[in-house]
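Q: Before I build anything on this model, could you take me through its features one at a time, with the general idea before the particular case?

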Amino acid sequence: MSASYELHGSVAVITLNNPPVNGLGYETRKGITDGLNKAEDDANVKAVVITGAGKAFSGGADIREFGSPKALQEPNLLSVIKTVEDCSKPVVAAIHSVCMGGGLELALGCHYRVAASGTQVALPEVKIGLVPGAGGTQRLPRVIGVENALNMIVSGDPVKSELLAAIPGQTLFSKIVDGDVVAAAVAFANEVADQRPLPLVRKLKAEHPNPDGYFQFARNTVKAVAKNFPAPAKCVDAVEAALKKKFDDGMAFEREQFVALMMTPECKALRHAFFAERAASKIPDVPEDTPVRAINKVAVIGAGTMGGGISMNFLNAGIPVVMLEMKQEALDRGIGVMRKNYEAQVKKGKLKQDKLEQRMGLLSSTLSYDEIKDADLVIEAVFEDIGVKEQVFKTLDEVMKPGAILASNTSTLDVNKIASFTRRPQDVIGMHFFSPANVMKLLEVIRGEKTAKDVLATVMQLAKKIKKTAVVSGVCDGFIGNRMIEQYSRQAGFLLEEGCTPEQVDRAIEKFGFAMGPFRMGDLAGNDVGWYIRKRRYIEKPNMRYSKTADLLCEMGRFGQKTGAGWYDYKAGKRDAIASPVVNEMIEKHRAELGVSPRKISDDEIVGRLVYALVNEGAKILEEGIALRASDIDMVYLTGYGFPLWRGGPMCYADTMGLFNVVQSMRRFARNPLDDATFWQPAPLLARLAEEGKTFS
Ligand code: NAI
């Protein structure tokens, strides 16, 4: 049963009971209306309280029903709210913990609301590309004012109940209580049991002293921030309707916006990302109740670029870290960088000074393995050299306590081989952080052939604790993200040879929505990183074609921002990329040597070649079982590579374009004599799905 009914004297208490957050699924909705009917029929009942069991009043729609006909099955949420409003006896919402989306809309339909302090209150629909669809945009402005309501609806962010209760003139909450909110609501219900008429939010007026000016301002602000997302602007329209239209007309207007947005590709992409994030944490053969190992102390080997950022994640989560290096200078430098990073946060007002000291206080450092041997998890972030890794893992095997998890942050090396350096390969796993590791959301978790299930479960759970989006990858060169980006970079190189400039390529893909084009990205990450990998490839895969332009660039010492010059020029201390005549001359000269006469290449072709290069490699990764699902690949690209969120990731984008069309484009690219026909051979999985008219998802 998803909603229970019991009597507290003459007050009926309906308790939503649909774990984990009392989502308003069909059974719960039915439970509410059944309860209300029962209360109406019982002459002894004078008032009703609606509350939620467990850790939420209600988190809103039941996401398990999303997109299924059950979501609309009567009583749908609008009908439930109407039944509440029409109840002849006062209905009091007893709100606590979490009151969001449909949960808040339900509460707004009640005659009164009593809330526990600390309740997180939100209308987060905008985050999945929607406007609230059950009256949120019409009722909230009527109880907390137009501006406060619009801020909440456009941002989707939660606000604490006590802050809302402090808004002058608000009628959202009749009472804020500490302690037992149901008891308080029952007492309140007894107090108001005989009061008539029953107050209804729909009867109130939403007002603003200067509506036209304000909504103009709101539209401009939203337009500047939410460039590619239609929902925030529709939220403004809907809230304006609350002010300017009659209640029922406003409700109809809100519904129209909701339904129209539901069909947009942006909304589909956001919903896809929402579900993809949840799906990524599920591993079919590792049940969710797999016991995990306790992680109370972490050791990090190497205090370089990655070691420092990785350590900060754990310090931020309150987990002590000990860093190990070869030399004291390296430790001092690494720790200095970490402190500077924290200080920058303090300067920006994002961190308090005492928190900084608290976090740094959890950090210790050492040159001796003896001091890390009792760590529960050790993450190696030393040079990307298999010899160095071998030496480190052999030592770890000697010193670490039994059961300690041994992780490597390698970006390209074979995790199975690294595991084989130890006598406990079951305890070895890859934890591939992205730079800057204290900022980037993505964590690729590399499951070795022998990695134990509880090790995997522990790392996945720990990832949540340090607020990362973890995606499991099998062992292969480059794992999911870098393996795909290599093909994308190869295409970027071919485009230069055929006639593009780095600026043109970057501009086209940035217009598509990428945070940064391949050349600006190369300059940021260091062009020498790719150079090092290509040198290895030239030996491993002598027949694989690469453009030589990137090598020529590195031979000029142009490694990127760190050397003050890369694909672009940089002014001292600045990060603005300035088109470089020297680089363009180098590219032209190289073209002439190849005998290529440059042609004008459209932005569409640039985007198609770069994105479909990702898609084709993604399909291979999926087919080989390196990624568990297409949406995992999308998560990697959304959280680690700046792929535009409103396009849902490369695989989702390909599905949206239609796999048949993707394959057709690839065939066209293959016919270009300056491109690489083998490159554009569709992955067997892609070819098959396209043929069958199916999608990756
Ligand atoms: P880095 O060169 O900045 O730092 C490596 C640190 O390890 C240096 O401070 C060095 O003194 C220390 N070190 C080397 N051998 C050691 C040993 N035997 N014992 C203790 N300390 C030792 O390198 P970075 O960039 O931090 O990379 C580290 C690892 O992270 C590599 O495997 C790399 O592939 C991987 N990685 C790097 C990313 C990046 O963007 N830089 C991104 C993701 C992974």
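Q: Which residues of the largest nonpolar core touch the most other members?
A: A core of this kind is read as a set of buried nonpolar residues joined through their C-beta atoms. In this predicted model, the largest one holds 202 residues, and those that touch the most other members are Val49, Val92, Val114, Ala185, Val378 and Val445. Helix H24, residues 603–623, gives this core its largest share, with 10 residues. Alanine 185 shows how such a position is packed: setting aside neighbours within four places in sequence, alanine 185 is in contact with Val49, Thr51, Val92, Ala94 and Val114.

Q: What confidence does the predictor attach to the protein and to the complex?
A: The average pLDDT of the protein is 96, and 100% of the residues score at least 70. For the complex, the predictor gives an ipTM of 0.98 and a pTM of 0.89.

Q: How is the protein divided into domains, and how many residues does each side bring to the contact between domain 2 and domain 3?
A: The assignment gives domain 1 (3–262), domain 2 (298–473) and domain 3 (481–691). The centres of domain 2 and domain 3, taken over C-alpha atoms, are separated by 30 Å, and the contact takes 11 residues from domain 2 and 11 residues from domain 3. On the side of domain 2 that touches domain 3, strand E16 (442–446) and strand E17 (469–473) each supply at least two residues, and E17 provides the largest share, 4 residues. By class, that side of domain 2 has 5 nonpolar, 4 polar and 2 charged residues.

Q: What surrounds the ligand?
A: The shell around the ligand has 26 residues, of which the closest are Gly302, Gly304, Met306, Glu384 and Ser435. By class, the shell divides into 14 nonpolar, 10 polar and 2 charged residues. Helix H12 (305–316), helix H15 (386–399) and strand E15 (428–433) each supply at least two residues of the shell.

Q: Where are cis peptide bonds found in the backbone?
A: Most peptide bonds are trans, and most residues other than glycine have a negative phi. Here a cis peptide bond joins serine 435 and proline 436, with omega about -10°; Ser435 is also among the residues closest to the ligand. Proline 436 lies in the loop between E15 and E16, and its C-alpha atom is separated by 9.9 Å from that of alanine 525, 89 residues apart along the chain. The peptide bond from proline 19 to proline 20 is cis as well, with omega near 5°, and proline 20 is found in the loop between strand E2 and helix H1.

Q: Is proline 436 buried, exposed or in between, and why?
A: Proline 436 counts as partly exposed because 13 other C-beta atoms lie within 10 Å, whereas a residue needs 20 or more to be buried and has 12 or fewer if exposed.

Q: Which residues have a positive phi although they are not glycine?
A: Serine 97, in the loop between strand E4 (91–95) and strand E5 (98–100), has a positive phi of about 60°. Serine 97 is buried, because 20 other C-beta atoms lie within 10 Å. Phenylalanine 479, with a positive phi of about 55°, lies in the loop between E17 and helix H18 (481–498), and is buried with 26 other C-beta atoms within 10 Å.

Note on methods. Residues numbered from 1 in each chain as written. Predicted model: local features only at pLDDT ≥ 70, side-chain atom pairs only at ≥ 80, totals over all residues. Near = placed C-beta within 6 Å. Nonpolar A, V, L, I, M, F, W, Y, C, P; charged D, E, K, R; others polar. Core = buried A, V, L, I, M, F, W, Y, C linked by C-beta atoms within 7 Å. Contact = placed C-beta atoms within 7 Å. pLDDT = per-residue confidence, 0-100. Domains from an automatic or database assignment.
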